[in-house]
Amino acid sequence: MGFLAKFKSSSWAYPTAVLSLYGFFANCRVAEPFLTPYLIGPNKNISGEVVTNYLFPIWTYSYLAFLFPVFLLTDFLRHKPLIMVQGFFLVTNYVLLCFAPGLPAMIFLQVNYAVVTSTEVAYFSYIYSVIPVENYQRATGYLRSAMLAGYTIGASLGQMLISLAEVDYFYINAITLGIVSVAFLVSFWLPMPQRSLFFKGKKDAAEGSQSQREGQLGAYRPEEPVTDVDEVGLGKEKMEHNGSAGWCSRENVATAGHLLWQSFRESYSSRHCLFLHLIYWSLWWALATSGYVQIFNYIQLMWNHIEPSTTSSVYNGGVEAVCSLVGAAAAFSVGHIKVPWAVWGELALGLFSAIGTCAVFLMALTSSIWASYGGYVIFKSCYMLLITITTFQIASNLSMECYALTFGINTFVALSLQTIITGIFVDEAALGLDIVTQFIIYGSYYAAISVLFLIRGTYTACVSRCGPDLSETKELESNVEVISAERL
C-alpha cells in the first residue's frame with residue numbers, strides 16, 4: 001500500500017504510466033487493419049465505390065472542421081477531458097461498427113471517428129503539462145513505445161484470428177470494442193493538470209513572457225507543472241483562481257489570444273535565427289503528412305482492388321504489424337545515431353521521400369498483392385523515420401508554447417491540403433477517380449516533394465562543405481539543438 005501511495009504521488013511516473021496504459025489499449029485496435037473488408041463484405045454490404053468516393057471523404061471534411069476548435073479546447077479544458085472524450089468516441093465508434101446497420105449509420109461513423117482523430121493532440125500534449133521538464137524525453141519514449149506496442153499487438157492478434165481461427169469480422173470488431181472500453185476506463189485515472197499553456201492568468205502570462213525574454217534559444221524552461229496529486233500546488237492554484245476574474249473570463253481569453261499571437265511571432269518571425277530552418281522542416285511536415293494520411297486511409301481499398309477480400313486471404317494485419325516494428329526501429333535509430341541533421345537533414349528528407357515515391361508508384365502499378373504489401377512497408381517506414389527527425393528538429397529549437405502552436409499549424413495545413421486533394425480527386429461530387437488513378441496522383445505528389453527537397457538538401461550540404469564558416473555555424477546550431485532537446 002505504501003508503494004502504491006508513493007507511486008501515485010510521483011511527479012512523473014504515475015501520469016506517464018497511466019497515459020502509456022491508455023495509449024496501449026486505445027491503439028490496440030484489432031479490427032482496424034480489416035475495416036475495408038468489413039464494410040464491403042456481407043456484414044455491411046457497401047460497395048467499394050461508395051466507400052472510396054463518398055464515405056471516407058466525410059471523415060476528412062469532418063476532421064478539418066473539428067481540428068482547430070479541439071486544439072483550443074484541449075488547452076482550455078486542460079487535456080484530460082479531451083482524452084476522456086477520445087476514449088468515449090472510440091467506444092461509440094465500435095458500437096456503431098458492430099451494431100448499427102445501413103449507410104446512414106456509417107456516415108455518422110465517419111463524423112464520430114473524426115472526433116477521435118482530432119483529439120489525438122490531447123494525448124500527445126497532456127504529459128508535458130503534468131511532469132517536470134527533465135523527464136520529457138523519457139516520458140515521450142514510453143508513450144510512443146506504448147502506442148506502437150498496442151498497434152503492433154492489435155494488428156498481429158487480428159491477423160492471427162483471421163488467418164488461423166477464421167473468426168468473422170464482426171467478432172474482431174466486438175473484441176476491439178472491449179479493448180477500447182478498457183482505454184476509456186483508464187482515462188479516468190489520469191491526474192488533472194492545473195495549468196495550461198495559453199489559458200492562464202495575466203500574472204502567469206507575464207512571468208512566462210519575462211522568462212522567454214531572459215532566456216536564450218533552447219534555454220527556455222516552462223514552469224513546474226502542477227497536478228491534483230500535489231496538494232500544495234493544488235491549493236495555491238485554487239487560491240489563484242479564486243482571486244482572479246475567472247477561468248472563462250474575457251480577460252483570460254484575451255490573454256490566451258495574446259499568448260497565441262506571441263508564440264506565433266516567436267516561431268515564424270524572420271528575426272528568429274533558425275527561421276528558414278523551421279519553415280523548411282514545417283513545410284515537409286505538412287506536405288508529406290497530407291499525402292501519408294491519404295495513402296493510409298485508402299491503402300486497404302487498393303489491396304482489395306488487387307485481390308478482393310471476398311475471394312482471397314487477407315494479410316493486412318500482418319503488414320501493419322511489420323510497419324510498426326520497422327517504424328519503431330527507425331525512430332530508435334534517430335535518437336541514437338549521431339548525425340548533424342542541421343546540415344544533412346534536408347537532403348535526407350529528399351532522399352527518403354524519393355524512396356517513398358517509388359514505393360507509392362509500385363503500389364499503384366503492381367498486380368501482385370505481395371509487391372503492394374512490400375511497397376507499403378517501405379513507404380510507411382520512410383515516413384515514420386522522417387517525421388521523427390522532423391519533430392525533433394522543430395521541437396528542440398522552440399519553447400513548449402511555440403512547439404504546441406507549430407504542431408497545430410502544421411497539422412492544420414496538412415489536413416487542409418488533404419481536404420483539397422480529397423475534394424478534387426476522390427469525392428464523387430468532383431472527379432471521383434478510381435483507386436489506381438488516385439495512387440498514381442499520390443505518387444506524382446510525392447515525386448514533387450522529393451525533387452523540391454533534394455534540390456534544397458543538395459544546396460545546403462554543398463554550401464556547408466564548401467563554406468567552413470557556415471559549417472561552424474551549423475555545428476553550433478546543432479549543438480544548441482542537442483542541449484535544448486534534453487527537455488524533450
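Colleague: What should I know about the numbering and the kind of model before we start?

Modeller: Residues are numbered from 1 along each chain as its sequence is written, and side-chain values use heavy atoms, with hydrogens and water left out. The model is predicted, so that local features need pLDDT of at least 70 and side-chain atom pairs count only at pLDDT 80 or more, while totals for chains, interfaces and linings use all residues.

Colleague: How many helices and strands does the protein chain have, and what makes a stretch count as one or the other?

Modeller: Helices are DSSP runs of H or I with at least four residues, strands are runs of E with at least two, and both are numbered from the N terminus; by that rule the protein chain has 19 helices and zero strands. Among contacts (heavy atoms within 4.5 Å) between residues at least 6 apart in sequence, 85% join residues at least 24 apart.

Colleague: Why is Thr310 called exposed?

Modeller: A residue is buried under 20% relative accessible area, exposed over 50% and partly exposed in between, with a 1.4 Å probe and protein chains only; Thr310 has 60% relative accessibility and therefore counts as exposed. Thr310 sits in the loop between α13 (275–306) and α14 (316–336), and its C-alpha atom is 7.7 Å from that of Pro37, although the two residues are 273 apart along the chain.

Colleague: What share of the protein chain is buried, and how is α5 covered?

Modeller: Of the 488 residues in the protein chain, 54% are buried, and α5 is mostly covered, with 14 of its 20 residues buried. In α6 the buried residues include Ala105, Met106, Leu109 and Gln110, and what covers the buried residues of α6 includes α3, α4, α5 and α7 (120–126).

Colleague: What makes the crossing of α4 and α6 right-handed, and at what angle do the axes cross?

Modeller: Axes are lines fitted to C-alpha atoms, for helices over the stretch in contact, with angles from 0 to 180 degrees between N-to-C directions; those of α4 (residues 48–76) and α6 (residues 103–118) come within 8 Å and cross at roughly 35 degrees. A crossing is left-handed if the near helix is turned anticlockwise from the far one by less than a right angle, and right-handed if clockwise; that of α4 and α6 is right-handed. The contact is made by residues including Tyr54, Trp59 and Phe66 of α4 and Met106, Gln110 and Tyr113 of α6. Its residues divide into 17 nonpolar, four polar and no charged, where Ala, Val, Leu, Ile, Met, Phe, Trp, Tyr, Cys and Pro count as nonpolar, Asp, Glu, Lys and Arg as charged, and the others, Gly among them, as polar.

Colleague: Why is the pair of Glu320 and Lys380 called a salt bridge?

Modeller: A salt bridge is a side-chain nitrogen of Lys or Arg within 4 Å of a carboxyl oxygen of Asp or Glu, and because the N to O distance between Lys380 and Glu320 is 2.9 Å, the pair qualifies. This pair links distant parts of the chain, with Glu320 in helix α14 and Lys380 in helix α16 (residues 369–395), 60 residues apart. At 4% relative accessibility Glu320 counts as buried, and Lys380, with 5%, is buried too.

Colleague: How many salt bridges are counted by this rule?

Modeller: The count comes to two, and one of them joins the side chains of Arg29 and Glu32 at 3.0 Å, N to O. Arg29 is buried at 6% relative accessibility, and Glu32 is buried at 14%.

Colleague: Is Asn297 buried or exposed, and what does it contact?

Modeller: Asn297, in helix α13, has a relative accessible area of 18% and is therefore buried. Leaving aside neighbours within four places in sequence, Asn297 is in contact with Phe56, Trp59 and Gln418.
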